[in-house]
Amino acid sequence: MFMDFFYTLRQLKVPVSVTEWMTLMEALSKGHAQSSLTSFYHLARAVLIKSETFYDQYDQAFAHVFRQAALPPDIRQEILDWLADPLNRLELSDEELEKLQRWDLDKLREELDKRLKEQDERHDGGGRWIGTGGTSPFGHSGAHPAGIRIGGEGGGGRAIQIAAARRFRNYRTDVALDVRQIKVALKKLRQFAKEGPEDELDIDLTIDKTCREAGEIELVFTRARKNTVKVLLLMDSGGSMTPYSRLVSRLFSAAHQMTHFRDLKAFYFHNCVYQDLYKDIYNNEAEPTPSVLKNLDGDYKVILVGDAYMAPSELMSVGGAIDYYYHNETPGHEWLSRIADHFRNCVWLNPLPQMAWVHPTIKAIGHVFPMYPLTLDGLEEAVRKLIVKH
Amino acid sequence: MSKSFDRFNGTEKYIVSPALRDVVNVAISLGRPLLVKGEPGTGKTLLAHNIARALGKDLLIWNVKSTTKAKDGLYVYDTVQRLNDSRFGTGDVSDIKRYIHLGQLGRSFTTAERVVLLIDEVDKADLEFPNDLLNELDEMSFYIPETDETIEAAQRPIVVITSNSEKELPDAFLRRCVFHYIEFPDADLMKDIVHVHFPNLEKKLLKEVLNRFYWLRQIDNFRKKPSTSELLDWIQALIAGGIEPEKVAKELPFAGALIKKEQDVEVLQAALERSGKSGPLGLRSRF
């Protein structure tokens, strides 16, 4: 049962390592949390989970594994029995490794993901977990879906209730993004170079100079290393982006609040980039795209945000722009390619869920720019892509 | 249950949830650093102060800043002073030890008594900072090449690390810590907390105050949600102003003590209008 817990956590993509599991063993053998499942819940969480963003997955795993177990209020004996069994020390034996393989992890994970998504859509307050028991590939016994209640029999109930309440849903990183989280992700966007005032003492040079001056102390200062990253943010303000406008404005305000970029330029476009970029969201004040390309060096990191979802003609045709009074001599696709050619590091962030990226224009743009979902994980990947040196 | 280690049970000034209390004790008995995260105002820093007070230990505080380097916590070699002394003959420059100054982490290893070490706001420093401390926190020892000395902890300090998640911490560092996310206290725990600070507060006022406070907390659009310290300030203001409980229920007097940002005032105004309680806001005094 306890081993199941470990593997369920791993399957939910919680980064739990053997080191942490061993620490939990140490804590248990020192006598912590043997009196109740609730204290075990807190203990295991403190030792195994290192970020509140995984608390939700932890709750799910906990509810899943320990719900079916009818545990007595005092779980001391269970833990002692379990500790006594050398197998549980997690020195992974061949036998266990084989057992793991037989589970066919990928399939399990796939199934689990599917279910998680299903539940997110239903939004029934998180009271019922993935576990429609009997049909779950994780499940042991074939209980009827409707037959499983939270806080079931046995003293395990309270901890299960804590877990089943899933209070930490909002901390998950693969679901929502707030300004602060975006800032954390953007902080990784940095490249250092020596710059700014000379305010760091260079000891070697100081000694050298002082010796040359026959002991007359001569302090030599040098420049500190500073971030030199410059960012160009291009955002789609088209109609299909309206549902994501809050998300995009959070990204914008996060980028705006970042003080560690050397420069940040932001422009808007409508569905696709043509010969003009706009300084405001209503596309009033235009700046010709060629002049942007000319004025900004190729070392700007470019982040394009848009759903890339449009009529194929908007992307591929001369005069394809969606605004009736706006005529483009050069197809949008060509403009996007020019951006991709001019700037060495570009990424496209798409607020649409990845599984919806089947539309031809999304695919076509995905060939021009590496495309990532506008989630925290996607943003982090994009940032990693942006700091690659060429 | 073994009693071989110091146990933490909170102090009379600091109310601790059972979960956090257990976690603190686990960290102490395993000898691992305790990493605490949580919303601003949930008492992350105060936790270390109160562990020290409850266990009767000294507290060393290492305030991390954006310019802090890991080595600063271990020791600083004052080269300029030494150079200066050698130039002007003001000190014994042959004794290099005189120019080695231990940082807070270094000091926490060398004290005769076990101490509590608070590494405050570890996420303020550079991304590499926590990684540079891995070995020192693991082994509780470090080497000073200048004097060919190894400083080893006679008594492993109780290490409490706080983070505001401004930066993510490296995995290798996290693996070595015990982690706890301090949730915002629920109404019951908050009652206890308020009671500690205002033991004579009228029951009725407390009830209204908490009602209003949690009503504010559930408004999503605030840039900065009011936290415990703001609540305590607010109560202080209400008491000083002699405000009746009924008035707290009807309007929001001294809202400036709770809401500190201009944008949030607008959000609050809108929320009050929605709830049909758009009485005069007690904000004039502040804005």
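A salt bridge here is a side-chain nitrogen of Lys or Arg within 4 Å of a carboxyl oxygen of Asp or Glu. By this rule, the count over all chains comes to 15 salt bridges.

## About the model

This is a predicted model, in which local features need pLDDT of at least 70, side-chain atom pairs count only at pLDDT 80 or more, and totals for chains, interfaces and linings use all residues. Residues are numbered from 1 along each chain as its sequence is written, chains are lettered from A and ligands numbered from 1 in the order in which they are written, and side-chain values use heavy atoms, with hydrogens and water left out.

## The two chains

Let us start with chain A, which has 16 helices and nine strands (DSSP runs numbered from the N terminus: H or I of at least four residues for helices, E of at least two for strands). Of its 390 residues, 49% count as buried, where buried means under 20% relative accessible area, exposed over 50% and partly exposed in between, with a 1.4 Å probe and protein chains only. The accessible surface of chain A is about 19200 Å², and carbon and sulfur atoms hold 52% of it; such areas come from the Shrake-Rupley method with a 1.4 Å probe, and for residues only the protein chains shown count as cover. Among chain A contacts (heavy atoms within 4.5 Å) between residues at least 6 apart in sequence, 71% join residues at least 24 apart.

Chain B holds 13 helices and nine strands. Buried residues make up 49% of its 287 residues. Its accessible surface comes to about 13900 Å², with 46% belonging to carbon and sulfur atoms. For contacts in chain B between residues at least 6 apart in sequence, the share joining residues at least 24 apart is 73%.

## A five-stranded sheet in chain B

Chain B contains an open sheet of five strands in the order β2-β5-β8-β1-β9, with parallel pairing; two strands pair if DSSP finds at least two bridges between them. The edges are taken by β2 (59-63) and β9 (178-182) of chain B, each with a single partner strand, so one side of each has no neighbour in the sheet. On average, neighbouring strands of this sheet are turned by 20° against each other, direction ignored. Helix α1 (residues 18-30) of chain B lies across β1 (34-38), β8 (158-163) and β9 of chain B, and runs at about 160° to β9(B). For such angles, axes are lines fitted to C-alpha atoms, for helices over the stretch in contact, and angles run from 0 to 180 degrees between N-to-C directions.

With β2(B) it pairs in the parallel sense over five bridges; B:I61 has B:L118 as its bridge partner, and B:N63 has B:D120. Four bridges join β5(B) to β8(B), again in parallel, and there B:L118 stands opposite B:V160. In a regular strand the side chains alternate between the two faces of the sheet. In β5(B), B:V116, B:L118 and B:D120 point one way, B:L117 and B:I119 point the other way, and all are buried.

## Where the chains meet

At the interface, 34 residues of chain B are in contact with 39 residues of chain A. The two chains bury about 3200 Å² between them, 55% of it on carbon and sulfur atoms; buried area is the accessible area (1.4 Å probe) that two parts lose on being put together, summed over both. B:R175, B:F179 and B:Y181 supply 18% of the area that chain B buries against chain A, more than any other three residues.

The rule finds one salt bridge across this interface. The side chains of A:E52 and B:K37 meet in a salt bridge at 3.3 Å, N to O.

## Salt bridges within the chains

In chain A, the side chains of A:D297 and A:K230 form a salt bridge at 3.8 Å, N to O. This pair links distant parts of the chain, 67 residues apart: A:D297 is in the loop between α12 (289-295) and β7 (301-305), and A:K230 is in strand β3 (residues 230-236) of chain A. A:D297 is partly exposed at 42% relative accessibility, whereas A:K230 is buried at 8%. A:K230, A:D297 and A:D299 are linked in a network of salt bridges.

In chain B, B:E246 forms a salt bridge with B:K204, the closest N and O atoms being 2.5 Å apart. Here B:E246 sits in helix α12 (residues 245-250) and B:K204 in helix α10 (residues 203-217) of chain B, 42 residues apart. B:E246 is partly exposed at 38% relative accessible area, and B:K204 is partly exposed at 45%.
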